[in-house]
Amino acid sequence: MSKLISTSEVNTSHVTTPEITGVEQTSVIIEQAASPKAIVIFAHGAGADKSHEFMAKVSERLVAHKISVLRFNFPYMDKRLADGKRRPPDRMPKLLPCFLNIINQLSEYFTDFNATELAETPLFIGGKSMGSRVAATITSETLAGELKEDIQLNREIAGTFCLGYPFYPIGKPEKTRLAPLTERHKDNSILIVQGSRDKLGDEQAIESYHLPAQCQITFLEDGDHDLKPRVKSGFTHAEHIQTAANAISEYIDSVISS
């Protein structure tokens, strides 16, 4: 198991993305662990921003595993926070370029690294719900191919993780979103941490999909879409968040050592 570090060793900063023609600026939080074993870009879900308690607690636990974390808002979320008007999430053609540009601007955020150190630190991407679907699409083999031709990634992505992957919209299990998970070669792994009673993909439904071996799934007993269990389960939300962070850290270790 990885050695945990104190949160007092964490260097946190709040910035905005650099100005790039044709790309909307958005807000970013960077939490740098001392001597990190990896960097994670962690995208929010549709309804809660990068500073939501869930995002903050997961990030805190990842940093404790010596993983530096970058959280960011998609453009619609920054607009919602600025004027208080409720907006629907941006659609995938807008979400994907935003995430890809965050990846390409990594050196702008992790300024404590020199170019060699940054290039040698493995990069993982992931997210909560919608954010995880965007991350999975980026690392899938075909879905983002056209966009990748327009926005070339300037560094390799070592792996992908999903917290509460939205396998289907609530109440519409027939409308599955499996392609970002299945369209990947055997060495292109992805970790999914899912509540067993998630209304956007419960354990029974997911087991019926017979996903390929490169899709590693950890079910959290009685967890909902936010990984939150009911009191009667005997588990707490904090325990499930810690288990999720542990699973991500162990996944990163396994990819790095392979």
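# Exercises on a predicted model

The model is a predicted one, in which local features need pLDDT of at least 70 and side-chain atom pairs count only at pLDDT 80 or more, while totals for chains, interfaces and linings use all residues. Residues are numbered from 1 along each chain as its sequence is written, and side-chain values use heavy atoms, with hydrogens and water left out.

## Exercise 1: the surroundings of S189

Decide whether S189 counts as buried or exposed, and find the residue whose side chain is joined to that of S189 by a polar contact.

Solution. Begin with accessibility, where buried means under 20% relative accessible area, exposed means over 50%, and partly exposed lies in between (1.4 Å probe, protein chains only). S189 has 13% relative accessibility and therefore counts as buried. Next, take the polar contact, a pair of N or O atoms within 3.5 Å, of which, within protein, one must be able to donate a hydrogen and the other to accept it, with residues adjacent in sequence counting only if both atoms are side-chain atoms. The partner is Y251, whose side chain is joined to that of S189 at 2.9 Å. Finally, list the contacts (heavy atoms within 4.5 Å): neighbours within four places in sequence aside, S189 is in contact with G159, T160, R184, Q214, Q216, Y251 and V255.

## Exercise 2: helices α3 and α6

Describe how helix α3 (residues 92–104) and helix α6 (residues 130–139) cross, and say which residues meet.

Solution. Two packed helices are described by the angle between their axes and the distance between the axes. Axes are lines fitted to C-alpha atoms, for helices over the stretch in contact, and angles run from 0 to 180 degrees between N-to-C directions. The axes of α3 and α6 come within 10 Å and cross at roughly 70 degrees. Angles under 35 degrees count as roughly parallel, over 145 as roughly antiparallel, 65 to 115 as roughly perpendicular and the rest as oblique, and α3 and α6 are therefore roughly perpendicular to each other. On the α3 side the meeting residues are M92, L95, L96, F99, L100 and I103, and on the α6 side they are M130, G131, R133, V134, A135, T137 and I138. Sorted by class, this contact has 10 nonpolar, two polar and one charged residues, with Ala, Val, Leu, Ile, Met, Phe, Trp, Tyr, Cys and Pro counted as nonpolar, Asp, Glu, Lys and Arg as charged, and the others, Gly among them, as polar.

For a closer look, take A135 in helix α6, which is buried with a relative accessible area of 0%. Not counting residues up to four places away in sequence, A135 touches F99, I125, G126 and T160.

## Exercise 3: salt bridges

State how many salt bridges a search of the whole structure finds, and work through the pairs E53 with K57 and D226 with K128.

Solution. A salt bridge is a side-chain nitrogen of Lys or Arg within 4 Å of a carboxyl oxygen of Asp or Glu, and the search finds seven of them. In the pair E53 and K57, the closest N and O atoms are 3.9 Å apart. These two residues are four residues apart in helix α1 (residues 53–64), and are thus separated by about one helical turn. E53 is exposed at 52% relative accessible area, while K57 is partly exposed at 31%.

The side chains of D226 and K128 meet at 3.1 Å, N to O. D226 lies in the loop between β8 (215–220) and α10 (237–257) and K128 in strand β5 (residues 123–128), so this pair ties together parts that are 98 residues apart in sequence. D226 is partly exposed, with a relative accessible area of 37%, whereas K128 counts as buried at 7% relative accessibility.

## Exercise 4: D222

Find the residue with which D222 forms a salt bridge, and say what is noted about the phi of D222.

Solution. D222 forms a salt bridge with R197, the closest N and O atoms being 3.4 Å apart. D222 is in the loop between β8 and α10 and R197 in the loop between β7 and α9 (203–207), so that the pair links distant parts of the chain, 25 residues apart. R197, D222 and R230 are linked in a network of salt bridges. As for the backbone, the phi of D222 is near 70 degrees, a positive value in a residue other than glycine.
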